[in-house]
Amino acid sequence: MADIELKNISKSFGRTQVIADVSLHVRSGEFVVFLGPSGCGKSTLLRMIAGLESVDEGEIWIGGRRVDGLPPGERRVAMVFQHYALYPHMTVRENMAFGLRNVGVAGDEIERRIADVARMLEIELLLERKPGQISGGQRQRVAIGRALVKEPLLFLFDEPLSNLDAALRARTRLEIAQLHQRAEATTIFVTHDQVEAMTLAHRIVIMNKQRIEQIGTPMEIYTRPATAFVAGFVGTPTMNFVPVEIDETASECAEAKLPDGSRVTTRIAKSSLPERAKLTFGIRAESVRVAGQQAGDTKGRALFVERLGDRTLVYVELAEGSTIVAEDAGMSRVAIGDVVGLEFDGGAAHLFDEERGYHAMPAVDD
Amino acid sequence: MSVAARSHGLSGNVLLPALMIALGILMLGPILWALGLSFKSNAELMVDTSSVFHSPYTLQNYADIMAGSSVIRWIMNSVIVSLGMMFGVLILSSLAGYGFARLEFPGRNIIFVLVLFGLAVPEQAVIIARYQIFSALDLHNTYAGLILPGLSAPFGVFLMTQYFRAIPKEIDEAAALDNASRFRIFWRVLLPMTLPAQATIGIFTFLHAWNDYWWPLISATNVQMYTLTVGVAATQINFAESTGLGFLMAQAIFASLPILVVYLFFQKYIIRAVSGAAA
Amino acid sequence: MATVAQAGPVVAAAPAVTRGKWRDAVFVAPYLFFYIALIVVPLVWGMWLSLHKADFFGDRTFVGIENFMRLFNDGFFLRTVWNTFYFLLLTVPALAVIGLALALALNRPTRTAAVLRGVFFSSSVLSVTIVTLLWRVIFIADGGFIATVLEAFGRPPVAFLSNEYLALPAIAIATIWWCIGLPMMLFLAALQQVPNSLYEAAALDNAGRWTTLRKVTFPSIRRTFALVIIIQIVLQFQLFGQAQLMTLGGPNNASRPVVLFIYEVGFNRWDIGYAAAASQILFSLILMAAMAQYFLSRRREDL
């Protein structure tokens, strides 16, 4: 297995820049997820690592070898495409053998690898069929199998679960995780689905507008988002954002004044905040509890109520019009129109300016 | 009958089918007439052609064909030329189609548009010059002389390019990651996916070559090199005086057989090719 | 920006995409060779030739546009142009209308319809020489099918092919019989692409059969109609074999089309400069007719 190193990668299509000065180091055996909205450049970055797109500036190193000048076949990477890209007129076995034959692997070695992988993925019975004769989920396994037999230094996945229905997606997610555990293969996985990213990744690379916003473990990303974008992209429902002013107080910790006048005491050091900046207050729904009318830091009227079974989400309109999503117990009795109190867990609050996020101190190790 | 079926065509219980069948028989009329004449002796027909409607009938005309006439030779020439042109066009247009669809080389788009313009050029605009070129190269009365002009037709290239373009690029990319060379991607991965287009081009080219008249007429002037189409024309020239109506019709029927047999076997593909290409 | 690595092999910085760019042209080169040699060169050479007085044996003198002037004043040639347009008028509308009618009648899933479709298309696979042979023995005054039938009714035979006014129509009939397959197939394909939901909506709106035909079917296949017309214009403009074999262009130049003129001038009289000029005129006529038809149908569509 191999280390991957990206150094100052940039790329443009004509005058449009699609990747802007990206650097990254992936450790051998790591499962890294490129996460981001459509158009952020994650697929392009993946394809550049594979050799399917050229690199305008920067270097790509795989396993201690510089590869950005090499054709895809010589980089020792394997890729699982979004639509699988299986060769339609070849049987599953021939699909898996094709790459190995092209590099002159011996016949019985090919057979051995195919047999092993087919057993691992439970596709032995499909070997003599053609891609058109098997289901979508089976095609996906074959695509993975085709990658596995090559025993590459690096596995690349380009949104492989997008074409599967929800149930199959969850199951396949689990299988990919198990596969990774067994094979201990360096893997880069591209997706726009944060659940996939959170559950599969050792580290997540969040991208937005052709740049990397944050690199970190799932919990780091979740609890200490580097920017407002990251905070809003990960977590369901989306984090609450309201513009605030920081009050002048004696304590070290910043006290945020919400638009409706209420105050929340955070655990963010005032000294870490920039001078005279416009700040946004961010807090997740699970850190805003519904309380009685007279209790809590502020109150408002319930606009919507979403009952999810294990919890209830209440959309509360504050006095001056902004909306906060709060969480209540699954059996909550709150109805639309009710006036409820909101209790903020100040320790879980974040502050964001245009550049970065500010979080509670000390950092929580997770 | 469903709403759609009723409105798609002109329906009418028994009347329309009966009318259509009658028209169908009418359509076959010329062939039936020729068939009838071919089974009568020349002598009888010379006296009175309405003798076609009653016996005696004879196979003598067909026997005469098998015995002496050059029809067999002409059929062989047509087979060689048609198959040769068909394979030649398939190979050239597959290679070119892949090149235009998938490979980037300088001027690719301009060159492709120029090739498309060739679709508008009729045979008459180039045939005189071609004749001179082939005269200079001494290629008249050869198989090459009959096959080569057909290889320049842009139709096959156009179709193959469209077809290759329609294949998702992911397949190429997967093959590139599988370490396949450009040619290997073409030969082992993409080409097998284009069989329907190959069938269409193959059929069209074969039919065109088989039925071509003007070029073989002027290029293959040696009786031994006639294609079937030219041969049938040659026997018509001295129509009335020559070998007799019965024999002539037997030749016409005999000459129709090969292509009609091909039509019978490949009717589905031919029709699909014609309607598909137009879509 | 690309720094040379301290460790590991140094690889050429040229991205894999541009490597071998010229080399990739090797796929299109074989075809291009034939295209240039057998279409581009002859086309240009033909244009050049039309400006000369020449024969096949090498004599060539530059005469500028004299050939074209001669052609414009050549009554014989002008008659052939007229013949060709007249022939178009006889065949193209008929092919379109009859083709459509056949398609409408045979657009059903029954076995009979399938067999009939096969029958009506079968004539298209025959060569022009076979077709002319078959139809000569129908039209010919001495022992032809029509003559035989007329005789049975005690009427005298009609000499179609040697009658000034009947020669071209006779050729037209034979041509329609020969070429009807393609228009029928194109219309069939178009009819099958009309969505069923349109017919169902019309039925719910209580539209009768004729109304449905006019208001639903015809508008949906208008594009195909225009396509059929263009294809047939281009095809029938190139009338050659039928005229050469059935009537020899006669009687009295009554049925000689432009292509036969080119053939005779070029390959019988060896006056190839003149023939080349005539073929340039033919080429232009075809292009103009096709474009005119194209723009006409475009305008009608925008209305």
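Biologist: What does the secondary structure of chain C come to?

Modeller: This is a predicted model, and in it chain C has 15 helices and 2 strands.

Biologist: How many helices and strands does chain B have?

Modeller: Chain B has 15 helices and 0 strands.

Biologist: And what makes chain B more spread out than a compact globule?

Modeller: The reasoning runs along the rule again. For 279 residues the globule rule gives 19 Å, and the radius of gyration of chain B is 24 Å, well over it, so chain B too is more spread out than a compact globule. The box filled by its C-alpha atoms is roughly 75 × 65 × 35 Å along the principal axes.

Biologist: What percentage of the residues of chain B count as buried?

Modeller: Of its 279 residues, 54% do, the cut-off being under 20% relative accessible area. The accessible surface of chain B comes to about 12,000 Å², with 70% of it belonging to carbon and sulfur atoms. For chain C, the buried share is 52% of 303 residues, and the accessible surface is about 14,500 Å², 65% of which belongs to carbon and sulfur atoms.

Biologist: Now for chain A. What does its secondary structure come to?

Modeller: Chain A has 8 helices and 21 strands. Its C-alpha trace spans about 75 × 45 × 40 Å along the principal axes, and buried residues make up 52% of its 366 residues. Its accessible surface is about 16,400 Å², and carbon and sulfur atoms hold 48% of that. As for charges, chain A has 43 positive and 51 negative ones, whose mean positions are 5 Å apart. In chain B, 13 positive and 12 negative side chains have centres 12 Å apart.

Biologist: How many residues of chain B are in contact with chain A?

Modeller: On the chain B side 15 residues take part, and they are in contact with 24 residues of chain A; contact here asks for heavy atoms within 4.5 Å. The area buried between the two chains is about 1,800 Å², with 59% given by carbon and sulfur atoms. In chain B, Glu170(B), Leu177(B) and Asp178(B) lose the most area to chain A, together 39% of what that side buries.

Biologist: Let's look at single residues. Why does Ser152(B) count as buried?

Modeller: Its relative accessibility is 1%. Buried means under 20%, so Ser152(B) qualifies as buried. This serine lies in the loop between helix 8 (143–147) and helix 9 (154–166) of chain B. Beyond its neighbours within four places in sequence, Ser152(B) is in contact with Arg130(B) and with several chain C residues, including Tyr31(C), Phe34(C) and Tyr35(C).

Biologist: Is Glu159(A) buried or exposed?

Modeller: Glu159(A) has a relative accessible area of 11%, and the cut-off for buried is under 20%, so Glu159(A) is buried. It sits in the loop between strand 7 (154–158) and helix 5 (166–183) of chain A.

Biologist: And why does Glu184(A) count as exposed?

Modeller: Glu184(A) has 55% relative accessibility. Exposed means over 50%, so Glu184(A) counts as exposed. Its place is the loop between helix 5 and strand 8 (187–191) of chain A.

Biologist: What is phi of Glu184(A) near?

Modeller: It is near 50°, a positive value in a residue other than glycine. Glu159(A) also has a positive phi, of about 45°. What makes these worth a mention is that most residues other than glycine have a negative phi.

Definitions and conventions
Residues are numbered from 1 along each chain as its sequence is written. Chains are lettered from A and ligands numbered from 1 in the order in which they are written. This is a predicted model: local features need pLDDT of at least 70, side-chain atom pairs count only at pLDDT 80 or more; totals for chains, interfaces and linings use all residues. Side-chain values use heavy atoms; hydrogens and water are left out. Helices (H or I, at least four residues) and strands (E, at least two) are DSSP runs, numbered from the N terminus. Buried means under 20% relative accessible area, exposed over 50%, partly exposed in between (1.4 Å probe, protein chains only). Accessible areas come from the Shrake-Rupley method with a 1.4 Å probe; for residues, only the protein chains shown count as cover. Lys and Arg count as positive and Asp and Glu as negative; His and the chain ends are not counted. The place of a charge is taken as NZ of Lys, CZ of Arg, CG of Asp or CD of Glu. Buried area is the accessible area (1.4 Å probe) that two parts lose on being put together, summed over both. The radius of gyration is taken over C-alpha atoms; the globule rule is 2.2 Å times the number of residues to the power 0.38.
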